[in-house]
Amino acid sequence: MPRIFVYIVHRGGVVDDSAAELVAAAKKIDATAVPTAILTGFGPELEAACSSLSSGFGEIWKVANAALVYPNGELVRQALVRVLPSGSIVLVSHDHFGIDLSPGLSIKLNSAFASDVLTIDGIEGNSLKLARQEFGGQVNTHVRCDISSGAVINIRPGAFKPLANLPAAGVVVDKSSEVGTLVARRRYLETIVAEAGDVDITKHSVLVSIGRGIQEKDNVALAEELAEVLGAAVSCSRPVVDAKWMAKSRQVGSSGKTVKPKVYLACGISGAFQHLAGIKGSPFLIAINKNPKAPIFQVADVGIVDDLLEFLPELTNKARELRGVAAK
Amino acid sequence: MEILVCARRVPDTSENEIELNAAGNDIEREEFVYSVNEADNYAVEEALQIRDRVGGNVTVVTVDGEDGEEILRRQLAMGANQAALVSDELFNGSDGKGIATILKAFVEKAHYDLILAGVQADDGAAQVGGMLAAMLDYPFASLVNSITVEDRKLKVSREIEGGNREMNEIDLPCVLSIQTGINEPRYVGMRGIRQVASVPIPALAASDLGVDNGAVGEAAAKVKRVDYFIAAAGKGAEMLHGSREENADRVLELVAAKGGLK
């Protein structure tokens with residue numbers, strides 16, 4: 001069995017939650033595996049991150065370099081190629097950093113690449129069986145990944161549950177001297193924080209959230225009318241922002257806002273994981289979608305198969321009756 | 001600036017419900033309506049806008065069977081200067097690395113300052129752009145949602161968590177994977193597509209590009225799809241089967257009961 005490495009993301013000296021999920025994934029590849037942690041960075045923050053790793057790892061490989069103070073995918077890739085032994089299995093979280101890093105890393109290591117993995121379903125010889133999703137979660141697919149010359153495997157955030165009772169982490173091994181000079185053809189400049197927007201969807205207890213099913217910009221008013229009667233806010237999924245029908249500040253999801261309402265009305269939202277990742281605190285989820293096979297119905301509490309453009313006005317009328325609000 | 005956009009023809013999920021076939025080993029493809037992958041369409045629009053600002057040419061390439069010509073025709077109608085179909089039975093069953101290998105061979109037949117690809121396809125893995133960059137040894141940035149051209153370099157922003165944007169400077173030549181929403185792709189009607197009906201689209205095979213046959217196709221693929229299946233992600237919703245009016249009443253009861261109405 002090849003050596004398994006877990007690439008660990010850290011910010012301000014604090015290790016990302018994905019680290020424990022990646023250890024769980026490593027144990028699915030080989031129950032006896034004691035993965036090696038690998039961290040890149042520089043200075044006291046890197047030291048703090050390395051020493052905070054409490055359990056689950058054999059060795060902790062520290063790669064310190066002034067050029068790695070910000071996790072620039074280009075530079076991290078160069079550093080990892082110089083440090084990782086050939087034939088390694090490398091687990092990375094499939095977030096914006098993993099998407100940036102891993103495909104190119106697999107080429108430079110001459111290993112296989114498996115993207116956005118949901119489950120690891122066993123190994124036969126050099127063939128690892130994995131499950132992924134396609135078409136926004138409408139179907140799943142098993143893939144076989146040949147690990148004979150190593151593999152870079154990107155793991156979907158949240159797909160693997162952290163394990164309890166892991167052995168204490170081992171010693172920190174300083175690998176910095178193996179990196180040498182890093183050449184930055186892509187240079188990090190700054191991070192621009194998202195604008196707050198006119199409505200703060202993170203503060204509302206009811207969200208009327210619209211997706212591609214709203215079909216056109218003029219129909220957004222149907223959701224706004226309902227939200228007004230309910231005292232709710234209108235939020236949305238990515239396609240609505242891409243189409244410029246609502247501001248980015250209204251988007252729920254991994255590339256948008258994280259919300260914690262009591263009730264979430266998913267209207268014409270298919271239920272891709274990037275969207276669901278932005279809904280926290282287990283709200284009561286009511287889904288309305290004309291496609292009975294939409295993945296949102298697998299995770300909703302209550303589902304209605306109906307045409308949104310007909311159902312929303314009906315709901316608004318009923319809410320006005322209930323609340324004694326005159327129709328406009 | 002010479003710009004190449006790598007585009008792909010995919011099932012249009014707004015027009016199709018994805019279902020398993022009777023044997024359960026594939027999805028039902030008979031009735032599919034196809035279109036250009038959404039993120040690739042944004043990439044083409046971005047390439048056209050850059051060309052219109054700084055000059056140059058936009059070439060669109062796809063690796064596909066002869067049906068791939070359909071999306072190339074559409075991209076020409078949007079305003080691309082030229083298009084190329086890379087097609088060979090030897091390519092069947094290629095994984096992401098195989099496709100990147102084919103595209104690398106195509107890139108090396110000419111000179112491009114900037115190569116764009118969509119960040120991901122609905123049935124894809126967000127991999128080909130990053131792989132192609134590594135094979136060419138060009139710098140790469142993923143999830144790009146804005147591009148400004150400077151002297152022999154670009155300023156790009158990447159979409160990161162929480163709607164934040166990571167600003168980077170990147171040297172040319174480079175490869176970027178383009179995120180949806182970066183621009184508003186222009187609409188192309190049937191009339192526009194008819195106007196480019198006679199524009200020749202060269203078809204290139206493995207031998208035209210000098211692709212190493214051993215590096216592409218199913219035999220070279222390290223990652224292979226085995227089957228398709230449907231897995232319930234959660235416990236499943238309680239479905240309401242009443243009339244529209246009854247369902248609306250029930251939804252309001254539930255919203256109130258769950259503490260949503262004050």
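In which sense do β10(A) and strand β12 (residues 223-229) of chain B pair, and over how many bridges? They pair in the antiparallel sense, over 6 bridges, where two strands count as paired if DSSP finds at least two bridges between them. This is a predicted model, in which local features need pLDDT of at least 70 and side-chain atom pairs count only at pLDDT 80 or more, while totals for chains, interfaces and linings use all residues. Residues are numbered from 1 along each chain as its sequence is written, and chains are lettered from A and ligands numbered from 1 in the order in which they are written.

**Interface between the chains**

- The contact between the chains takes 73 residues from chain A and 72 residues from chain B, two residues being in contact if their C-beta atoms, placed from the backbone, lie within 7 Å.
- On the side of chain A that touches chain B, strand β10 (residues 139-146) of chain A gives the most, with 8 residues.
- Within the pairing of β10(A) with β12(B), Thr141(A) stands opposite Tyr228(B).
- By class, this side of chain A has 32 nonpolar, 18 polar and 23 charged residues, where Ala, Val, Leu, Ile, Met, Phe, Trp, Tyr, Cys and Pro count as nonpolar, Asp, Glu, Lys and Arg as charged, and the others, Gly among them, as polar.

**Chain A and its domains**

- Chain A has 9 helices and 18 strands, taken as DSSP runs (helices H or I, at least four residues; strands E, at least two) and numbered from the N terminus.
- The C-alpha trace of chain A spans about 75 × 45 × 35 Å along its principal axes, and 65% of the contacts between residues at least 6 apart in sequence join residues at least 24 apart.
- The domain assignment, whose bounds come from an automatic or database source, gives domain 1 (4-178) and domain 2 (201-323) of chain A, with C-alpha centres that lie 35 Å apart.
- In chain A, 6 residues of domain 1 are in contact with 7 residues of domain 2, and the residues on the domain 1 side divide into 1 nonpolar, 4 polar and 1 charged.

- Of the 328 residues of chain A, 54% count as buried, a residue being buried if 20 or more other C-beta atoms lie within 10 Å of its own, exposed if 12 or fewer, and partly exposed in between, with C-beta atoms placed from the backbone.

- In helix α2 (residues 43-52) of chain A, Leu46(A), Ala49(A) and Cys50(A) are buried; they lie on the same side of α2(A) because they cover an arc of only 100° around the axis, the arc being that of the directions from the helix axis to the C-beta atoms.
- What covers these residues of α2(A) includes β4 (36-41) and β5 (60-64) of chain A.
- In strand β11 (residues 151-155) of chain A, 5 of 5 residues are buried, with Ala151(A), Ile153(A) and Ile155(A) pointing one way and Val152(A) and Asn154(A) the other way.
- β11(A) runs parallel to strand β6 (residues 89-93) of chain A, joined by 5 bridges, and pairs in the parallel sense with strand β7 (residues 112-117) of chain A over 4 bridges.
- Ile155(A) is the bridge partner of Ser93(A) and also of Val117(A).
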